[in-house]
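Reader: I'd like to learn how to read a few features off a protein model. Could you walk me through some?

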Amino acid sequence: MRRTRILTAVLALTAGLLTGAAPALAAGPSGVPVAADSYTWKNARIDGGGFVPGIVFNRSEKDLAYARTDIGGAYRWQESTKTWTPLLDHVGWDDWGHTGVASIATDAVDPDRVYAAVGTYTNSWDPGDGAVLRSADRGATWKKTDLPFKLGGNMPGRGMGERLAVDPHDNDVLYLGAPSGQGLWRSTDAGVTWQRVTAFPNPGNYAQDPGDTSGYASDNQGVVWVTFDESTGTPGSATKTVYVGVADKENAVYRSTDAGATWQRLPGQPTGYLAHKGVLDAENGYLFLAYSDTGGPYDGGKGKLYRYATRTGQWTDISPVAEADTSFGYSGLSVDRQHPGTVMATAYSSWWPDTQIFRSRDSGGTWTKAWDYTSYPARENRYTMDVSSSPWLTWGANPAPPEQTPKLGWMTEALEIDPFDSDRMMYGTGATIYGTENLTAWDSGGKFTVRPMVQGLEETAVNDLVSPPSGAPLLSALGDLGGFRHTDLTKVPPMMFTSPTFTTGTSLDFAETRPDVVVRAGNADSGPHIAFSTDNGATWSAGTDPSGVTGGGTVAAGADGSRFVWSPDGTGVRYTTGFGTSWSASSGIPAGAVVESDRVDPKTFYGFKSGTFYVSTDGGATFTASPATGLPDGDSVRFKALPGTKGDIWLAGGEAGGTYGLWHSTDGGKSFGRLANVGEADTIGFGKAAPGASYQTLYTSAKIGGVRGIFRSTDRGATWTRINDDAHQWGWTGAAITGDPRVYGRVYVSTNGRGVVYGDTAGGTDPGPEPTGACAVTYQVTNEWPGGFQADVRLTNTGTATWSNWSLSWAFPDGQKVTAAWNAEYAQSGATVTARNVGWNATVKPGSSVSFGFTGDWKGGNGKPAAFTLGDRTCAVT
């Protein structure tokens with residue numbers, strides 16, 4: 001994960017995340033269904049995408065491991081499938097901060113027990129206090145104890161730890177290190193109740209930036225880890241010796257030898273550094289400590305490794321690199337429990353040219369490195385990397401030596417050797433979990449293989465989603481990764497959007513009647529903030545920024561792709577014809593407005609800012625304020641125009657305590673009617689109409705009938721059905737939502753850390769991956785009468801691979817409308833028609849054909865389509 005991780009918080013704030021909505025306790029008016037429909041929920045696979053600051057193996061049961069993320073919940077390892085299972089999807093809207101996991105602990109006495117200390121921010125960004133979640137079934141279900149202070153799963157110092165620990169002898173005893181000067185806390189009833197350890201003398205004093213007025217970097221990072229010396233206890237009795245790490249450069253480590261009754265600063269300890277980790281080798285009597293000059297996870301310029309002999313009190317500097325030669329701090333500390341003299345640590349804050357991993361087989365007496373220079377800038381690696389399962393981890397880069405791609409990692413605060421298998425090691429990075437299953441090849445002169453071990457763990461923050469009527473079913477704008485084009489939801493895309501690459505994608509849109517034309521906007525460290533595609537997002541070209549642009553903002557594509565309107569950060573709204581080589585200022589609309597396009601009229605665009613709706617009918621050159629009243633006063637609003645009908649607009653948004661809900665306009669925004677049956681709504685999207693319905697399906701993340709959830713309406717909002725359930729809530733889902741125009745019931749939901757979630761109803765059908773290879777089309781009008789016609793289409797597979805499904809698109813030259821079809825399902829948006837297979841004719845072998853027909857209406861002309869596309873390919877017309 002890049003340094004822009006903090007932007008997740010900023011985006012959440014501007015999106016109205018911190019609304020403090022009242023808890024959803026009970027259903028409201030009758031007639032508003034709140035029971036979930038029969039939906040199946042999955043992730044559109046990206047695999048990773050965020051910072052993993054903690055990995056914890058159970059010490060008594062093989063293959064039981066957990067991972068924590070900073071904003072995306074916690075996960076349990078599933079050995080049979082080599083995947084991660086999400087554990088906190090039940091966290092709801094009002095407790096969204098509990099998707100940030102400050103620490104996780106697994107119980108060695110009773111492996112069924114697991115605990116998570118949750119809370120995302122300790123400053124005002126998160127209005128709620130933290131909590132400790134406890135589970136007796138490995139995270140399948142949870143009980144919660146609220147804490148009287150906040151926790152910071154996404155705060156500075158989050159890679160230190162673990163803050164939460166279970167006594168290895170008396171598993172009713174737990175300790176929790178708190179931030180913000182709250183000190184050390186203890187539970188003696190297996191996490192049900194917690195009390196501050198008043199005898200603990202030091203709550204910490206280190207803050208990354210004491211002058212930060214936001215409270216983010218100025219918070220005291222507090223008590224940061226707890227480690228038990230299991231050699232000082234017996235089963236059923238509390239462990240006598242406990243070590244605790246504190247964010248205090250002069251007093252970093254404390255010890256109790258009487259089960260926490262009294263505490264003393266560990267004598268003789270080094271000063272001037274923070275101890276990120278404290279890991280005990282009880283067999284040899286060594287406490288290993290990884291130090292850095294800052295709290296991380298981004299920063300850290302100097303560091304040391306120390307070994308403390310618990311039996312003699314002797315301190316030994318075991319740093320693998322002299323302090324003067326470091327430009328990083330140490331973390332990622334682990335001991336091989338099968339061979340306790342084997343120790344590993346990481347240079348967690350080494351961003352360039354790469355992170356470093358150190359390994360010792362003599363308790364830190366000597367070290368070897370994962371890579372070293374031969375003759376600068378050439379380097380030799382003890383490892384090979386295989387990212388074929390997540391190819392985007394190369395970032396499309398081609399760096400000069402000594403930098404390599406893919407990198408070994410960055411922000412490598414978590415590294416753990418499997419306590420039952422010396423060959424398996426996992427470590428977290430800012431973008432994924434890497435691992436190896438032949439680690440000991442390091443010691444024999446061979447090379448160990450590093451691969452992503454992250455499938456099932458999805459940790460992207462989603463800012464925008466679109467599902468075009470043809471081509472790829474899903475395009476996304478994401479925090480930190482920019483965004484992806486999913487041609488197959490079950491597979492990891494080969495690369496994020498590049499040329500240009502955005503640090504964060506903020507907005508994207510496609511031309512409704514030319515879905516191959518796509519535009520996206522985003523934040524970037526340098527270079528343009530906007531890009532265009534003419535092949536449905538497969539490839540991109542950069543636009544040109546007008547003066548003053550500082551961020552992506554929102555962008556809209558005209559219905560026919562001939563013009564665009566952009567509302568970037570840092571300057572006013574702009575419009576262009578063509579692909580953004582030059583921009584002109586729009587008038588009549590304030591800077592910072594959210595912009596969208598009409599999906600039928602290519603010259604009509606819309607905007608919203610501070611309670612006022614704006615309309616342009618001249619391609620974005622001038623906007624006029626709508627007379628509509630009663631809309632939300634603030635800027636936490638999202639709106640969309642319905643495909644296929646000019647001027648049909650839905651608007652969602654508002655804030656708790658103010659005007660908040662869902663509105664509908666059928667006159668191009670001149671007036672809006674509020675839906676009385678929707679209490680609060682934050683997103684709105686459209687999908688394929690239900691069987692027998694003429695109007696597209698509506699989807700929203702909303703509060704309806706007193707219940708927060710994801711809702712669907714098949715009758716223009718007259719009635720709503722909740723389609724998620726209490727086990728599938730994903731915290732905050734207020735950034736974006738869209739249905740799929742090709743699959744009835746399918747909906748794509750944004751989350752703030754759990755990636756792109758999509759749901760299918762029992763009646764939905766998956767179109768599957770796009771077919772590959774060449775194709776040919778024969779189009780014939782077989783009958784015509786005044787105002788109407790009948791046509792037949794034959795689609796031939798002229799390639800070499802069998803198609804398991806197909807979806808053919810074309811545009812009518814004279815605006816014809818399909819009225820009925822046979823042997824194919826169809827959808828029409830403007831002039832563009834997409835026909836796809838039904839169940840029995842999905843398979844088309846090489847050299848074979850499939851035929852379908854339809855009837856339609858015409859006015860003024862009935863010309864034949866000039867081109868047909870099958871996914872990304874243009875078919876030959878015969």
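Author: We'll go through a disulfide, a strand and its partners, a glycine, some salt bridges and a surface patch. Keep in mind that this is a predicted model.

Reader: Let's start with cysteines. How many disulfides does the structure hold?

Author: The general idea is that a disulfide is a covalent bond between the sulfur atoms of two cysteines. Here the structure holds 1 disulfide. Cys-775 and Cys-875 form it, with their sulfur atoms 2.0 Å apart. The pair links distant parts of the chain, 100 residues apart: Cys-775 sits in strand S60, and Cys-875 in the loop between strands S68 and S69.

Reader: Why is the disulfide left-handed?

Author: Look at the torsion about the S-S bond of Cys-775 and Cys-875: it is about -95 degrees, so the disulfide is left-handed.

Reader: And is Cys-775 buried or exposed?

Author: Buried, because Cys-775 has 5% relative accessibility, and the cut-off for buried is under 20%. Cys-875 counts as buried too, at 5%.

Reader: Now strands. Which residues point one way from S54, and which the other way?

Author: In a regular strand the side chains alternate between the two faces of the sheet. In S54, Thr-697, Tyr-699, Ser-701 and Lys-703 point one way, while Leu-698, Thr-700, Ala-702 and Ile-704 point the other way.

Reader: What does S54 pair with?

Author: Take the partners in turn. Strand S52 pairs with S54 in the antiparallel sense over 2 bridges, and Glu-680 has Lys-703 as its bridge partner in S54. Strand S53 also runs antiparallel to S54, joined by 3 bridges, with Phe-686 opposite Leu-698. Then S54 and S55 pair in the antiparallel sense over 7 bridges, and here Leu-698 stands opposite Ser-713. S54 and S55 form a hairpin with 2 residues between them, and Gly-705 in the turn has a positive phi of about 65 degrees.

Reader: Speaking of glycines, what is Gly-856 in contact with?

Author: For this one, leave aside the neighbours within four places in sequence. Gly-856 is then in contact with Gly-787, Gly-788, Phe-789, Lys-817, Val-818 and Thr-819. Gly-856 lies in strand S66 and is buried, with a relative accessible area of 2%. The C-alpha atoms of Gly-856 and Ala-820 are separated by 7.0 Å, though these residues are 36 apart along the chain.

Reader: On to charges. How many salt bridges does a search of the whole structure find?

Author: It finds 36. One of them joins the side chains of Arg-754 and Asp-89, at 2.7 Å from N to O. Each of the two residues lies in a loop between strands, and the pair ties together parts that are 665 residues apart in sequence. Both Arg-754 and Asp-89 are buried.

Another salt bridge is Arg-359 with Asp-443, whose closest N and O atoms are 2.7 Å apart. These two are 84 residues apart, with Arg-359 in strand S24 and Asp-443 in a loop. At 3% relative accessibility Arg-359 counts as buried, whereas Asp-443, at 28%, counts as partly exposed.

Reader: Last one: which residues form a nonpolar patch on the surface?

Author: Trp-352, Tyr-373 and Tyr-376 do, with about 360 Å² of accessible area together. Trp-352 is in the loop between strands S23 and S24, and at 49% relative accessibility it counts as partly exposed.

Notes
Residues are numbered from 1 along each chain as its sequence is written. This is a predicted model: local features need pLDDT of at least 70, side-chain atom pairs count only at pLDDT 80 or more; totals for chains, interfaces and linings use all residues. Side-chain values use heavy atoms; hydrogens and water are left out. A disulfide is a pair of cysteine sulfur atoms within 2.5 Å. Helices (H or I, at least four residues) and strands (E, at least two) are DSSP runs, numbered from the N terminus. Buried means under 20% relative accessible area, exposed over 50%, partly exposed in between (1.4 Å probe, protein chains only). Contact means heavy atoms within 4.5 Å. Two strands pair if DSSP finds at least two bridges between them. Patches are made of residues with over 30% relative accessible area and no salt bridge: like charges are joined within 9 Å, nonpolar side chains (Val, Leu, Ile, Met, Phe, Trp, Tyr) within 5 Å. Accessible areas come from the Shrake-Rupley method with a 1.4 Å probe; for residues, only the protein chains shown count as cover. A salt bridge is a side-chain nitrogen of Lys or Arg within 4 Å of a carboxyl oxygen of Asp or Glu.
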